[in-house]
Amino acid sequence: MSIQLLLVVMCAAIAGEAPPPDFSRIQPILAATCLSCHTGDKAKGGVNLAAFKDDGLARENPVLWAKVAVSVGDGEMPPSKAKSLAAADKADLVRYAKELSSPKLDFVADIHPLLVTHCLPCHQGPKPPGGMDLVWMKNQEDADRVLNWGTYRELIAAGKMPQKSRKLNDKETITVPPLAAADRAKLVAWIRMQEKRLEKLLDCSDNGVRDDQASNQQVGMVYSRRLTRREWANSLRDLFGADIADPQMLPGDGAGAGFDNAGAALFNNTMFLEKYLTANDQALRTLLDGTAPALVAARTQLLSPLAGAAPAQAIRTILKPLVRRAFRQSAAAADPEPYAKLADQALARGDAPPSALRLALVGMLNSPRFLYLVDETSGRKGMIPLSDHAMAGRLAAFLWSSLPDEQLLEAADRKELREPDAIAAQAKRMLADQRVRGLGEGFGVQFLGCNVLGSLKTPDPKIFPEYTEDLQRSMQAEVAAFFAHLFSADRPLTDVISSDYQFVDERLAKHYGMAGVTGPAMRQVKAAPHRGGILGMAGLLTATSAPDRSSVVLRGKYVLTKLLNVKMPEPPNDVGALPENDAVNHQTLRQRLEQHRSRADCMSCHQKMDPLGFALEHFDGIGRWRDREDGHPIDDQAAMPDGTDITGIDGLRRLLNERKTDLIKRLARDLTVYALARDLTKYDRCPVDAAMARLPQAGWKASVLIDEIVRSDAFRLRMYQPVWDQNGGSKIIRPKKPPASGPAAQPTEKPGPAPPIKPQPEATAKPAAPAPSATPAKPAAPAPSATPAPLATPAKPAAPAPSAAPEKPAAPGAPAQAKPSATAAHTASPKPSNSK
Amino acid sequence: MSQPSWLIPRRTLLRGAVAALGLPLLECMRPLAASEPASAGKPPVRTLMLYFANGVPPDAWFPKKSGSQFDLPQCLAPLAPIRDEVLVFKGLKNPGVGSHENAHGYFTCLKSKPTTGADIAGGGVSMDQVMAKAVGQDTPLPSIEIGTEPPPFGDQKGYSAQYFHYMSWASPTEPMAREINPRALFERMFGAKDAQGRPLPSRPAADDRSLIDLALGEAKSLRPKLGTRDANKLDEYLEALRGVERRVEFSSRPDTRTWRPRTKPELVPPPLDPKTYGERLQLMLDLAVLALQTDTTRVITLLMTNEASDRSYSGLVPGLTVFGHHTCSHSEPKGYAAITTWQVAQFVKVCQKMRAIDEGGSSLLDNSMVTLGTAMLDGRSHNADHTPMLMAGRAGGTIAPGRYLPYPQGTTLSSLYLGMLRRMGVPAKSFAGATDELPALSGGDPPQEKPKEKPPESIKPSEPAKPGAKAAEPATPAAAKPPVTGKKP
């Protein structure tokens, strides 16, 4: 709306109205008419007109003046009850407001010079303040790629920026020319208009790709991360074709954003690495020394090349495909040589070939290329598509919690995985594979909070002697099997609320009171009464219980916050928890809870939570059905504050069914978090919105959600901020003649952490790098179609010895035309990251 | 200690092992003590810091009488046997902590940024890591971080659950992982062993070197190809790898320590996997003492539980009607005090074991600083006006224990930490805003007036942490060793 308004205003200006009045004419009008309401922090409508103390300050806020022009012009302001405005005053005020609402500020002509003089001196280099590197920002389009202008506007308007000087190091200090008041007004006004412009641009329907150059918001954009212990164990299983690793061999991975795979929270330090190293060695010993038939078969297969060739050669033959897969690389890039050399050493001193191979494999599994999901391709600074092979890695981590299979890697070799359609097709294929169990174990178990069973949540053995480690594993396996089935069989997501099937093994069937199920295998059966869907799952019901009994509050809280997606405040600090199991007190639990709720500060939340928990009271602390507790019949009557009856699990299901949009939206949001392995930013709404738009017509099919996620920009792109010397050819620019500036006028050299990185002059930043598609394997491969190729090659030298030149920087990003484009965009989300 | 533990395979996982625990780890050490020749040199000062969750009931914690004649309220009653070895502090303010979600500031004394996942930052370097960086090079492990519970999930009040269990920070953005498995901790300390305590066969040292070099080379070749943020992730790997490298090098170069522990863990069998929390904690406490006794490390932090833990103490603490610790803290005063008392009793057991270990005229306890504390003052109301703290040991004769020391408002916990840092031989000018160490540690009475303190400066999370960012600054050597007015040794 505001853009249209600006256009109207501009047209009017062009039409040649009388010159606008001076601020001295306007100030008395404001004082007499407006300031009585529009003053101070609590000004009406947030419109603080008292801030306009002079013409310069007034000019800083074109957006507000646009509002004034309309509201006063339409007669909406001043409100008739309050003040009246003389016709001449009104006309002048409107003209002035119109004038100020459309400052003719062009980025290149008006703003860029200001940035160069006053901002660039500090905002460049390897560690620019606030992560804001301005070297690359040369036109309006570049400026549109920054999303947090508001922060800078506030600092500039408050006079806190530019700072007078900045200390670069012990020797060098930059002096920054002061910003004149008129220039500050210009800059602030432009930023305000820019913010408005971005609001419009940031929309899921827009085709432009947005990214955020400012580090504070890039945080969510980190792509590289360490493997979780689940992913590590699954990867070893898939690499060697046998279960040789157990996640328990590694420390727990903690959590960020609600899932163990959140990259930002996957730290590494010496202890973690020691564990990875030990565990890799141990898993390989299991493979090479184990006696179980499955191990023998896997080993025989692995070692078969040793039968017909010299050991050194055979080991290379064995390593080659393993390296490719473990590192998620192209067949051409995979280089077994560094590891084979380890084996050579061992062979030379007389080790048996399998033992020499083990050493090589330990080396391979200790590599950061295996332990981390990384993308070695570079490109222009900003959002760039993941390379094909990194996309293969990402898909496999998302859908399988494991490594890509050969088919997926081949698709990557063919450079198909930058195409949304091809990615979606691969995802569809992968969902049908049994490895999708990794999605059930990763997403499903954590969505239900069952991952804490056995560690943080362990039922009291005295009260629940039936609860064993085996039963716990069965509970978790049920959840994993259910979610894996949901996606692999493309079931409606509403099965979460209720389904006519469930998964059990013998142990769990007994727990549920079902007959006729024998053996340890999880299988699909017709749902028992009160089971089917997640509400009847023992895993969920145990995870939301206290150690000694079921918990109405915990269950209610889970349903309310997770399934109904209602954000709840934390309980106030000084409020006691409810003594739910106070045996001395003869009141019933319900009476005690009602007493609790009678406190006003408790009631607002507990009146919403508790009924949802009461509806599940027929399930005990480990999820068994019960008709009586301590001799008293179970009372599971419950009603929501508005009177909606939700008695029993059926009542609760009815409610969830009515509000399935909320539930599935939350599920979609959480699955997106899991897929991206990071918290969502406000620009990540698109996949969730797109899925929610399609799902009702598509019968809530699970595949729709996966499809939207893997096609989304958020999934396919990553934030790329080159390490300094590869900054798309940009170089350090200090102002030519900074007033009174000393040594700061020269390029500075600041070695980063190892290896030292040297700034590279522009002239040499465009070496005769290999053409993007000139990999040795496919010299004639066409450039990826549809989208302009934004990436330089991984710059892998031809085999052998990729690590022979560790100091060599990657090829610089392709210049000018290498701008990413895509078909959808990020946008502001109403529910940012934390809605728990 | 000939091989780093990761190079030696664990033969069996031992998960679900049924054998009875009965782990006489410390007892195993005794026969060896006599056979070991006494060494020259003064025993080093060592630090063990125990943490428990959920605050204390202040009425049942702080004595009424100050000085050496202090009384023992309910929660401190277990201190009776080591009364003369303990300082009871009151009034130490830690601006880094608040309610549960801020417990990660316990050892940094600095405020941090609320985040649910991305950009986790602890505010600064924790005092144990300042110690580890300064004195950790002399021992096989620079420091040991111990927990008993896996990382929790979710978030609270805008803070990731990571903040509930990471209290040790190597840099503002690098929390130290904790070991929660006793057997794994044992192998980290002493290498993998068989059931009789004999070392398992290990890989040739040349292979260790080759493996590390290979991994270092790969990380270095990979790094310049990544974007800045991604490269930061890889830097964690590089740093971690250098830690492993350091460990390998430590075992291959000659030991330059002048003082040698009288005991070596040569025939100590590895612990079996504990079946209950009580067993796990007991093992961890024993291993901590063993690590100090054998000079495997000189700096240990041990979280008895994660913060805000609602762990059930059924079976450990008699007479409970409500079992969960956090639940008790809010609704069952008797149970709250009983659980807190039990935790003090664990501290006392550790101190008694350390007192029984002779280091040639002085005990391990005499040569150590053993603290017990919790972030909040009062878990019932989440009040964190000041933090309850106990400290046992004499730090090699530079602390005069056996007193209750109430300090006036405005005294900071960081000033105690500064005193501890200096006693460890860290030439620290300041720690988290404190420039003077806590008065009266070595004797005398606490001041009556409010001392002047500079407010600590938090490290801005928006600025990437420098690898070597230090909370403590070096000082003149004169400030390093405080005078002693204590009684013994």
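At 12% relative accessibility, Arg626(A) is classed as buried (buried, under 20% relative accessible area; exposed, over 50%; partly exposed, in between; 1.4 Å probe, protein chains only). The model is predicted, and local features need pLDDT of at least 70, side-chain atom pairs count only at pLDDT 80 or more, and totals for chains, interfaces and linings use all residues. Residues are numbered from 1 along each chain as its sequence is written, chains are lettered from A and ligands numbered from 1 in the order in which they are written, and side-chain values use heavy atoms, with hydrogens and water left out.

Arg626(A) lies in the loop between helix H27 (600-614) and strand S8 (628-629) of chain A; helices (H or I, at least four residues) and strands (E, at least two) are DSSP runs numbered from the N terminus. Beyond its neighbours within four places in sequence, Arg626(A) is in contact with Ser550(A), Glu617(A), His618(A), Phe619(A), Asp620(A) and Ile634(A), where contact denotes heavy atoms within 4.5 Å. The side chains of Arg626(A) and Ser550(A) form a polar contact of 2.9 Å, and the backbone oxygen of Glu617(A) is reached by the Arg626(A) side chain at 3.0 Å. A polar contact is a pair of N or O atoms within 3.5 Å; within protein, one must be able to donate a hydrogen and the other to accept it, and residues adjacent in sequence count only if both atoms are side-chain atoms.

With a disulfide defined as a pair of cysteine sulfur atoms within 2.5 Å, the count over all chains is zero. Cys37(A) is in no disulfide, the nearest cysteine sulfur, that of Cys34(A), being 8.9 Å away; Cys37(A) is partly exposed, at 32% relative accessible area. Cys119(A) is buried, at 13%, and its sulfur is too far for a bond, because the closest cysteine sulfur, in Cys122(A), is 8.8 Å away.
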